[in-house]
Amino acid sequence: MENSLDAYGILNGTDKSSLNHDYLRHYERILEPFRSEPITLLEIGIFHGASLNMWSSYLEKALVVGVDIRPECAQYAGGRREVEIGSQADKEYLADLGRRRQPHVIVDDGSHQADHVILTFRTLYPHLRPGGIYIVEDMHFHAGAGAAHWRGSSDAVPQDLFLRIARLVSCPETEGDEERGLARMTDSIEFFWGGVAVRKRPTKNRADVAVRRGLVERANQPKIWSWYALHAFNNTGDLAEAVECVRRAIDLEPKNPEHQDMLSVILEHGSDPAGALVAAEDASRLNPADNRLKARVAALRSRI
Ligand SMILES: C[S@@+](CC[C@H](N)C(=O)[O-])C[C@H]1O[C@@H](n2cnc3c(N)ncnc32)[C@H](O)[C@@H]1O
């Protein structure tokens with residue numbers, strides 16, 4: 001307990017501690033790989049500086065950047081703590097902040113207004129480092145009698161957005177969800193009482209992917225070419241390489257609809273719905289009894 005993040009939280013007086021919201025036992029586990037690393041942690045919402053002090057004393061080498069709308073929060077800068085005065089309602093400021101800071105960890109404990117929380121996630125998450133963590137606190141404000149007060153101009157509440165991303169992460173083929181772009185960046189999502197921690201997909205470096213390609217060449221089995229094609233696309237974004245590899249699977253096993261289906265999935269993710277439809281139709285022709293393939297063809301047709 002003495003050296004736990006919760007102990008630092010109690011000593012510094014943040015409401016994140018077990019005396020109040022009890023978020024810190026989750027954060028200690030989630031942030032364990034960053035404890036001794038020279039990371040940048042960005043927190044929106046400084047108030048009296050309690051959590052900034054907690055983060056900078058617990059994370060031994062981190063640069064802790066606090067953002068608050070109130071100019072008087074500038075007084076909480078010092079040592080490894082930097083303060084910026086800005087609003088999370090300002091999309092251009094957020095985009096610039098993300099570009100300049102490139103954080104490894106982001107904590108949204110700011111206005112808690114639904115439109116701000118959603119705008120901040122959409123704008124800052126793409127700038128979070130691969131393998132980084134994005135935390136949103138106090139989502140329980142968005143349910144029950146007081147929820148309307150926290151809505152702002154948004155039609156949705158933050159948990160709607162995170163639940164949609166969670167659905168796509170666990171089931172990427174979920175049709176017709178415009179959060180696909182955010183989901184593709186996401187490795188996992190963890191919900192806890194009052195909050196969510198979204199882990200961004202780590203990038204495998206191109207060299208790792210190339211080593212795998214050498215192994216796939218040696219194995220030279222259709223299903224392995226097919227798996228590798230999606231792996232290469234997900235990790236490098238190289239559509240041409242992915243298509244070439246899934247075509248190797250098709251050449252080796254032309255009557256297997258799974259490879260045409262994989263080609264269709266890759267082309268769809270690569271923003272080529274027309275190509276995805278042609279491949280899905282080929283897959284469906286190879287296995288006309290498969291209702292899932294039929295439904296996929298119909299869904300792709302409706303989008304073109
Ligand atoms: C809950 S307090 C932060 C508490 C602090 N993180 C801690 O644990 O000690 C919320 C802070 O968000 C700030 N805030 C409110 N609206 C904001 C906005 N639009 N942009 C940035 N900060 C905002 C408030 O000024 C307030 O200081």
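1. Which residues does Ile106 touch, not counting residues up to four places away in sequence? Ile106 touches Leu42, Leu124, Leu128, Tyr134 and Ile135, where contact means C-beta atoms, placed from the backbone, within 7 Å.

2. This is a predicted model: local features need pLDDT of at least 70, side-chain atom pairs count only at pLDDT 80 or more, and totals for chains, interfaces and linings use all residues. Residues are numbered from 1 along each chain as its sequence is written.

3. Ile106 is also one of the residues that touch the most other members of the largest nonpolar core, with Leu41, Trp55 and Ile165; this core has 50 residues. A nonpolar core is a set of buried Ala, Val, Leu, Ile, Met, Phe, Trp, Tyr and Cys residues joined through C-beta atoms within 7 Å. Helix H6 (residues 158–170) gives the most to this core, six residues; helices are DSSP runs (H or I) of at least four residues, and strands (E) of at least two, numbered from the N terminus.

4. Leu128 lies in the loop between helix H5 (114–124) and strand E5 (133–136). Leu128 is buried, because 23 other C-beta atoms lie within 10 Å (the cut-off is 20 or more). Beyond four places in sequence, Leu128 contacts Pro103, Ile106, Tyr134 and Lys200. His104 is 24 residues from Leu128 in sequence, yet 5.9 Å away, C-alpha to C-alpha.

5. The axes of helix H10 (residues 239–252) and helix H11 (residues 257–269), lines fitted to C-alpha atoms over the stretch in contact, come within 9 Å and cross at roughly 170 degrees. H10 and H11 are therefore roughly antiparallel (angles over 145 degrees).

Technical notes:
A residue is buried if 20 or more other C-beta atoms lie within 10 Å of its own, exposed if 12 or fewer, and partly exposed in between; C-beta atoms are placed from the backbone. Two residues are in contact if their C-beta atoms, placed from the backbone, lie within 7 Å. Axes are lines fitted to C-alpha atoms, for helices over the stretch in contact, and angles run from 0 to 180 degrees between N-to-C directions. Angles under 35 degrees count as roughly parallel, over 145 as roughly antiparallel, 65 to 115 as roughly perpendicular and the rest as oblique.
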